[in-house]
Amino acid sequence: MSNGSGSMKVTSYPSYLLNLLALAGICVTLLAAFFFQLVMGEIPCPLCMLQRIGLILVGLGFAMNVRFGPSAVHYAVVILSAMTGAGVSLRQVLLHIAPGDAGFGSAVFGYHMYTWGFIAFMGSIIFSAVMLIIDRNHLGGSGHPVRTALGSVLIGLLVLLALGNVASDVLTCGFAPCVGDPQGYIFQR
Amino acid sequence: MIILPSIIFATLAAFMTLRGNRKLALASWAIAVVCMLGAMQYHMDDVMTISL
C-alpha cells in the first residue's frame, strides 16, 4: 500500500483513513455539482463557482494530509478555506432568506445547494478541529510525500475536477466578468 | 475572468500536491485564497432584502 518505512508509519494513523474519506466526500460533492450542471442543465452562478473553489481548497487540505502526513498547517488550510467558502455560502443563503423567495437552483433533500455548501464548510471546520485533537501527537507530517494508490487516485480526481471547473468557468463567463444569473454558455449566446 | 485566477491556482495547488511538492502547493493555495477574496469583493455586491 505504501512506499518506504516512513510512509508506512503515516498510513497507519487513523487520520490517514479519515482524511481519505473526507477527500472522497469533497470529490463526491464536486461531482454532484457537475451532475446538476451537465445533466440537469443548471448553469453555475458566480457565487456557486466561488463555493466550488472553496470546496476544492478544502479538499486540498485533506489531500495534503493524505500526501504529506497530518500537519497543523494542512488543517489550517482546511479551516481557512472553509471559512472563506462559508462566507460565500452564507451570503447566498441570506440573499434568499426572505419569506416567499424561491431560492436559486433546485433543492436537494429539501435544501438548496448553497445551504448544503454552508453545512459542508462548517462540517469541514468541525472535522479539522476534532482531527487536531486526534492527531495532536503526530502533527509533524512525514517530511516526504506518501504515495498510495487510493490516495493518488483521489488527489488525481480532485485535480481533474478542478480542471473541469476551469473549463466550466471559461465556458460560462468567457474572459469577461461573470453575470449574476447566467442563462447559458458563451457558445449559446 | 475575475474568478478564473483563483480556480487556476487552486488547480495548480492540487496538481503540486499530486506531484509531491508541498511548498509550491502551499504557495499556490495562498495565492488562490487571495484571488478568491478579490473575486468575492467583486461579486458579493447584491443588495440584500434583510437588515443586518
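**Close-ups of cysteines and a helix pair**

**View 1. A cysteine on its own: C27(A).** The sulfur of C27(A) sits 19 Å from the closest cysteine sulfur, that of C48(A), so the two are too far apart for a bond. Keep in mind that this is a predicted model. C27(A) is buried, with a relative accessible area of 1%.

**View 2. The disulfide between C45(A) and C48(A).** Here the two sulfurs lie 2.4 Å apart. The torsion about this S-S bond is about 80 degrees, so the disulfide is right-handed. C45(A) counts as buried at 4% relative accessibility, and C48(A) is buried too, at 19%.

**View 3. The disulfide between C173(A) and C178(A).** The S to S distance is 1.9 Å, and both cysteines are buried. With a torsion of about 105 degrees about the S-S bond, this disulfide is right-handed. The structure holds 2 disulfides over all chains, and the bonded cysteines of chain A, numbered in sequence order, pair up as 1-2, 3-4.

**View 4. Over in chain B: C35(B).** The closest cysteine sulfur to that of C35(B) belongs to C178(A), 14 Å away, which is too far for a bond. C35(B) counts as partly exposed, at 21% relative accessibility.

**View 5. Helices α3(A) and α4(A) packed together.** Helix α3 (residues 46-68) and helix α4 (residues 72-95) of chain A pack at about 160 degrees, with their axes 8 Å apart. That angle makes α3(A) roughly antiparallel to α4(A). The residues in this contact split into 14 nonpolar, 9 polar and no charged. On the α3(A) side they include C48(A), L57(A) and F68(A), and on the α4(A) side Y75(A), V88(A) and L95(A) are among them. The crossing of α3(A) past α4(A) is left-handed.

How values were computed
Residues numbered from 1 in each chain as written. Chains lettered and ligands numbered in written order. Predicted model: local features only at pLDDT ≥ 70, side-chain atom pairs only at ≥ 80, totals over all residues. Heavy atoms only, no water. Axes fitted to C-alpha atoms, helices over the stretch in contact; angles between N-to-C directions. Helix = DSSP H or I, 4+ residues; strand = E, 2+ residues; numbered from the N terminus. Parallel < 35°, antiparallel > 145°, perpendicular 65-115°, else oblique. Left-handed = near helix turned anticlockwise from the far one by under 90°. Contact = heavy atoms within 4.5 Å. Nonpolar A, V, L, I, M, F, W, Y, C, P; charged D, E, K, R; others polar. Disulfide = S-S within 2.5 Å. Buried < 20%, exposed > 50% of the residue type's maximum accessible area, 1.4 Å probe, protein only.
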